[in-house]
Number of protein chains: 2
Amino acid sequence: MKEQEFLKELKEIDLLQQAMGILGWDNQTGMPEKASDYRAEVDSYLYGLYFDKKVGEPIQEAISYFGKHPDELSEVGKAAYQLVKEEYELQKDVPNELAMAASAATSKAHTAWLKARKEKDFSLFKDALSENIRLTKELIPYWKKNELTNYDVLLNQYEPNMTVEILDNVFSQVRDGIMDIRRQLAEKGTAPDTSILSRKMTEAQQRKFISKVIADLGYDFSRGRLDNTVHPFATGINHNDVRLTTRWSETDFSMGLFGVIHEAGHGMYEQNIDEKYEGTPVHEGASMGIHESQSLFNEIIIGSNRNFWAKQYPFFQECAEGTFDDVSFDTFYDSLKHSKASLIRIEADSLTYVIHIIIRYEIEKMIFNETVSIDELPKIWNDKYEEYLGIRPENDLEGILQDVHWSGSSFGYFPSYALGYMYAAQLLHAMEKEINVDEVLASDDYSPIRKWLTENIHQYGASKKPNELILDATDELLNPQYLLDYLRKIYFSVYKISETQDFA
Amino acid sequence: MKEQEFLKELKEIDLLQQAMGILGWDNQTGMPEKASDYRAEVDSYLYGLYFDKKVGEPIQEAISYFGKHPDELSEVGKAAYQLVKEEYELQKDVPNELAMAASAATSKAHTAWLKARKEKDFSLFKDALSENIRLTKELIPYWKKNELTNYDVLLNQYEPNMTVEILDNVFSQVRDGIMDIRRQLAEKGTAPDTSILSRKMTEAQQRKFISKVIADLGYDFSRGRLDNTVHPFATGINHNDVRLTTRWSETDFSMGLFGVIHEAGHGMYEQNIDEKYEGTPVHEGASMGIHESQSLFNEIIIGSNRNFWAKQYPFFQECAEGTFDDVSFDTFYDSLKHSKASLIRIEADSLTYVIHIIIRYEIEKMIFNETVSIDELPKIWNDKYEEYLGIRPENDLEGILQDVHWSGSSFGYFPSYALGYMYAAQLLHAMEKEINVDEVLASDDYSPIRKWLTENIHQYGASKKPNELILDATDELLNPQYLLDYLRKIYFSVYKISETQDFA
């Protein structure tokens, strides 16, 4: 077999993925409501073609041939081969019936989850969840390579080389640190006035503002677009087609605004992967966690920066056509960084968000590495919210039923969200050794930031593992202290607590 | 072979077509500008899969098997079989090299056409056009079944059972009739004031108005949508997903308005084909000409109706937010039906449009059924415009280079546009025997019109041939007199010529 044939096969798989990508995007951005049944047939047909190729003979042959002749591969071929082999090996021992049972179980669980949400009653979801867990536990031995614990196996599917040992350490540090910051804000801080957040801005006004902001940040509209949707996402169809979506509220401009800045971070990552990887699985993000680090760099690093907002505020006022003319910059900025514990993860602010993830992590770990009865889960959930955030869900919808992930057996996925926060802060720390970020964000030209991220993260796509990317970019392994320092700095400033007072 | 297998194969072909349909729609409605090269690869890959299936073994087997066992097919199966067989037989004898040469020639011709347009110089397109003609003439014997002349073969590809004999008759009648109406308007008529047509209406105002209008007419937005594009079109992805596109001008509201009404006519046709045909080639329009009859029924029958506009005008004024408050209904209506000869087909009004088609028809017939030197074509073209419309192109861009069709070897396609006009007027005449169309259009409920069209045309999809549809719906074959009568009525009314005066 020649490398060319291998790459041609990958290219065809990629072309099918691109077609599915556009259909998926279309489905979420305005497909006529009654078209979903017919669309499902198209999706499933294309997925069948895609799946058959992915596990087809040419790919199997390539894995076996290039395992013996690695030197016949170029750099791109090697990187692609590595990913193809990893994915293949993950699935190759899984009995077909087990894979099908697991997939069928998630369909059932999704229905059960929707029903349980409607009734706000976890007991209606419990059996389906148990079945998902049981089947996942059956799958783990087939997936396992050299991970230490069951939950490590799950973590690795989303964040290669991540372990429970690492996460236990960083999460306890972050949890305690955030709880400490919250305590100090409550004791010594002055909460900002947030009344201006509900002033009316039309969708067109918001769109005008945020489109310029993300173009300034480096999102390339000639290779992308921004559409409306219900559950916002970004999707990389190919190197020159990376699309963002958002939702808007005319009485809560911050939702669309930070939503688009966030998705643009994902989008810039995909737009800046080295084009030489296009048509292979290397032209993707390195992991969920690294992807999230890029969206969160935009949202919580740049989006929390006072200089950035000071520079953008006049244009914001202009777009709002008078609505904010009486609002001082300080009032505007401080309102954006108000913090208030919430029961719902996706409504959380940037200080408390990670706590939601840690709670889910602690529970998932109990499920897969310890023994816990499914019946106890809602109580465990609620107790943790009370302990860490001081609030308690009144029903399961506000609690354990809030997220879709468990219905799809996506166990081990959640920590990625928190890793993104920590990576983003750690990247900022490293970037600041070379670039005066505050100065750049006060200027007309943000390109030094985008360039740094492209050089250190984006360009590599999935050719490096997350831990390797972070080590190479920051000269150290994951270190959660940067996130804590950063959150403390931002929130103490907004809540008018001086650092000296803090250490008093 | 079982019917089920045949229908499954057709379904898979259809699923690939649906995917290509969405990709094509996306390409025209906002795909990022730099994505076109990557997209072309996806398109060509999917087209390859689609083409292989269309001429693949299962289809060949079905054609042979059900040719011998037609009774094993259901009604849907029979209708599908007929179309599949016709298409297969059209192509089966064409030598592969000839098909490829013809396809390659159109690519070259397209480039040459673009260049010639830029220089406004037909001589730069001449050789490529000659080559397209030469190859088409080579193809004709392979396509020919029992048509009388070469040009009949081409006509039949777009309008089954249409002949030069029929068209020569109807086109000369229509041409003379329209020239007579134009003469009378010029001699005795009073041209309406059209200054209000350039009053500013924003895209949002126009969209609001026209969306309600087409929904009133029966276009179902829950199974469709309306997007912006450069060259407007409608596309039926599947029974529940039929999309319209348009372009807008803020200083020429009539462009978007009649454009959307026109595309909605195509859309309603596709939405109302009997769902039982979905997933087979029967779930399509019967022909280009019939399709155009539906868009033109909306645009020139309903869109020229005084009662219709009288009813809609208050809402139009409301959408325009004051801009038309000082404009009387008569001034508004009359301005819409102003007629002025134009050199460019797509800018023509509904009185002179058909003349553009007839000119192209006469020239295409000279090329394929008579002898004519390519070098003479621009002069022939210009002479005909002068003779029929009293205007003469100053250069080839205003003349023979204006349309893309010849660069793609789409000879025989143009007459469909004119057939649509004649069919539309003939359908109106038949409909009026059962429905008081003026009364319906003065009311709140247009559904009797949509229902009549669904019952007589839409529901059948491609299960009937165009001449059969027209005969069954109107009790006679194509009769151009209805179009002439209709145009005379509308334009005499707007130009204040009384019919008695006309016959004096």
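How are helix 1 of chain A and helix 2 of chain B oriented to each other: roughly parallel or roughly perpendicular? The model is a predicted one, and in it these two helices pack at an angle of about 100°, with their axes 9 Å apart. Because angles of 65 to 115 degrees count as roughly perpendicular, helix 1 of chain A and helix 2 of chain B are roughly perpendicular to each other.

**Helix packing between the chains**

- Helix 1 of chain A, which covers residues 3-29, contributes A:K11, A:E12, A:L15, A:L16, A:Q18, A:A19 and A:I22 to the contact, while helix 2 of chain B contributes B:Y38, B:R39, B:E41, B:V42, B:Y45, B:L46 and B:L49.
- Sorted by class, the residues of this contact between helix 1 of chain A and helix 2 of chain B comprise nine nonpolar, one polar and four charged.

**The interface of chain B with chain A**

- Taken over the whole interface, 37 residues of chain B touch 37 residues of chain A, and the area buried between the two chains is about 3,000 Å², with carbon and sulfur atoms giving 60% of that area.
- Of the area that chain B buries against chain A, 23% is supplied by B:P32, B:Y38 and B:Y45, which is more than any other three residues supply.
- Two of these residues, B:Y38 and B:Y45, also belong to the contact that helix 2 of chain B makes with helix 1 of chain A.

**Helix packing within chain B**

- Helix 1 (residues 3-29) and helix 2 (residues 36-54) of chain B have axes that come within 10 Å and cross at roughly 160°; since angles over 145 degrees count as roughly antiparallel, helix 1 of chain B and helix 2 of chain B are roughly antiparallel to each other.
- The crossing of helix 1 of chain B with helix 2 of chain B is left-handed, and the contact between them has 10 nonpolar, two polar and seven charged residues.
- Among the residues that meet there are B:I13, B:L16, B:M20 and B:L23 in helix 1 of chain B, and B:V42, B:L46, B:L49 and B:Y50 in helix 2 of chain B.

**Domains of chain A**

- Chain A is divided into domain 1, spanning 3-92, and domain 2, made up of 203-340 + 421-495, and the centres of these domains, taken over C-alpha atoms, are separated by 29 Å.
- The contact between the domains takes 18 residues from domain 1 of chain A and 23 residues from domain 2 of chain A.
- Between domain 1 and domain 2 of chain A the buried area is about 1,600 Å², of which 62% comes from carbon and sulfur atoms.

How values were computed:
Residues are numbered from 1 along each chain as its sequence is written. Chains are lettered from A and ligands numbered from 1 in the order in which they are written. This is a predicted model: local features need pLDDT of at least 70, side-chain atom pairs count only at pLDDT 80 or more; totals for chains, interfaces and linings use all residues. Side-chain values use heavy atoms; hydrogens and water are left out. Axes are lines fitted to C-alpha atoms, for helices over the stretch in contact, and angles run from 0 to 180 degrees between N-to-C directions. Helices (H or I, at least four residues) and strands (E, at least two) are DSSP runs, numbered from the N terminus. Angles under 35 degrees count as roughly parallel, over 145 as roughly antiparallel, 65 to 115 as roughly perpendicular and the rest as oblique. A crossing is left-handed if the near helix is turned anticlockwise from the far one by less than a right angle, and right-handed if clockwise. Contact means heavy atoms within 4.5 Å. Ala, Val, Leu, Ile, Met, Phe, Trp, Tyr, Cys and Pro count as nonpolar, Asp, Glu, Lys and Arg as charged, and the others, Gly among them, as polar. Domain bounds come from an automatic or database domain assignment. Buried area is the accessible area (1.4 Å probe) that two parts lose on being put together, summed over both.
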